[in-house]
Amino acid sequence: MRVIVTQARDDAQGLIDLLERRGHQALALPQIRFEATGASLPPGPFDATLFTSPRALRYALAMGKPGYEWGRVFAIAPTTRDRAREAGLAVDTSVDAGTGAELAAALPM
């Protein structure tokens, strides 16, 4: 099967590789592009940080300095939670959410 993959270019390669291993012809046609804004992290500490994607997590960690006070760390979906743990963050798993809106709605007071 000939397949177009519309994910952002940085994210598409893994899916393209998987499709090709399964015998498909996969073509990248990214419809969006993500770039770091260059904004600085505000000074902490924070009560909590919500990570809504692996990419957002990666950008934030690249800007953070050792000892940055993220507060309680919440992350959506298993992939983002796993990546946060791999980065050494203690992820609060009391909230299980698949979207940012679900995470915001379930955030403890």
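Predicted model: local features only at pLDDT ≥ 70, side-chain atom pairs only at ≥ 80, totals over all residues.

Visitor: How many helices and strands are there in the protein chain?

Guide: Residues are numbered from 1 along each chain as its sequence is written, and side-chain values use heavy atoms, without hydrogens and water. Helices (H or I, at least four residues) and strands (E, at least two) are DSSP runs, numbered from the N terminus. The protein chain has four helices and four strands, in the sequence order β-α-β-β-α-β-α-α.

Visitor: What does the radius of gyration say about the protein chain?

Guide: The radius is taken over C-alpha atoms, and the globule rule is 2.2 Å times the number of residues to the power 0.38. For 109 residues the rule gives 13 Å, whereas the protein chain has 17 Å, well over that value, so the chain is more spread out than a compact globule. Its C-alpha atoms fill a box of roughly 50 × 30 × 25 Å along the principal axes.

Visitor: Is Leu27 buried, partly exposed or exposed?

Guide: Buried means under 20% relative accessible area, exposed over 50%, and partly exposed in between (1.4 Å probe, protein chains only). Leu27 counts as partly exposed because its relative accessibility is 30%. This residue lies in strand β2, residues 25-28. Across the protein chain, buried residues make up 25% of the 109 residues.
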